[in-house]
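Hi,

Here is the structure I promised to pass on. Have a look at it first, and then read on for what I found.

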Amino acid sequence: MTSSPSKRARIAQLMGGTGTVLMFSDLNSVRKILCATEEKVASLHAAEMVALGRLVIDADRQQVSWAGRALPLTRIEREVLTALASPPLRVWTYRQLYEQAWGAHYVDDASAVRSTVKRLRAKLRDADATVSVESMRGVGFSLVDTRR
């Protein structure tokens, strides 16, 4: 690792094509490569738009709408709803939701997930949405269409 382009070029010449060489100008560049997996997953996730009936989640614009009306969700509520609405619809465990929305390791405290889901349910209800967050006791949550 060196910030000098001439030194990096000299190292490449010395290697003479005998192997793979990774050269970086600074430590931040190294970190970007070594820690890219989680960042790439997050950026791929953020580039998606999820639509479920009249529910539209635009992760690029950080907006959620029901029937064309914006829902006033916090970032965590948006992340939880995005996970629940992502195909295929399924039951998300407390651990999976926590790690997806908070981006941290789950410490076996379901209260944060429960309180976020409680607020999310209220906001969906206030918007007269026909989707709701359903509990699977002791397991987690799923998004369901209440019209069915």
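Ser-142 sits in strand S7. This is a predicted model, by the way. With a relative accessible area of 8%, Ser-142 falls under the 20% cut-off, so it counts as buried. Beyond the residues up to four places away in sequence, Ser-142 touches Leu-84, Arg-90, Val-91, Ser-132, Val-133 and Glu-134.

Val-91 lies in the loop between H4 and strand S5 (92–93) and is partly exposed, at 31% relative accessible area. Together with Met-136 and Val-139, Val-91 makes up a nonpolar surface patch, and the three have about 200 Å² of accessible area together.

Now for the inside. In soluble globular proteins, nonpolar side chains tend to be buried together. Here the largest nonpolar core has 30 residues, and Leu-55 and Leu-81 have the most contacts inside it. Two or more residues each come from strands S2 (55–58), S3 (63–66), S6 (131–136) and S7 (140–145), and from helices H4 (75–85), H5 (94–102) and H6 (111–126). H4 gives the most to this core, with six residues.

Which residues does Leu-81 contact, leaving aside its neighbours within four places in sequence? The list is Leu-55, Ile-57, Val-64, Leu-73, Leu-120, Leu-124 and Leu-143.

Tyr-94 and Phe-141 form an edge-to-face one, with 5.3 Å centre to centre and 75 degrees between the planes. Because Tyr-94 is in helix H5 and Phe-141 in strand S7, this pair ties together parts that are 47 residues apart in sequence. Both partners are buried: Tyr-94 has a relative accessible area of 15%, and Phe-141 comes in at 3%.

Tyr-98 and Trp-102 make a stacked pair, since their ring centres are 4.7 Å apart and their planes are at 15 degrees. Both lie in helix H5, four residues apart, which is about one turn of the helix.

Cheers

Methods. Residues are numbered from 1 along each chain as its sequence is written. This is a predicted model: local features need pLDDT of at least 70, side-chain atom pairs count only at pLDDT 80 or more; totals for chains, interfaces and linings use all residues. Side-chain values use heavy atoms; hydrogens and water are left out. A nonpolar core is a set of buried Ala, Val, Leu, Ile, Met, Phe, Trp, Tyr and Cys residues joined through side-chain atoms within 4.5 Å. Buried means under 20% relative accessible area, exposed over 50%, partly exposed in between (1.4 Å probe, protein chains only). Contact means heavy atoms within 4.5 Å. Patches are made of residues with over 30% relative accessible area and no salt bridge: like charges are joined within 9 Å, nonpolar side chains (Val, Leu, Ile, Met, Phe, Trp, Tyr) within 5 Å. Accessible areas come from the Shrake-Rupley method with a 1.4 Å probe; for residues, only the protein chains shown count as cover. A salt bridge is a side-chain nitrogen of Lys or Arg within 4 Å of a carboxyl oxygen of Asp or Glu. Rings of Phe, Tyr and Trp (its six-membered ring) pair if their centres lie within 6.5 Å; planes under 30 degrees apart count as stacked, over 60 as edge-to-face and the rest as tilted.
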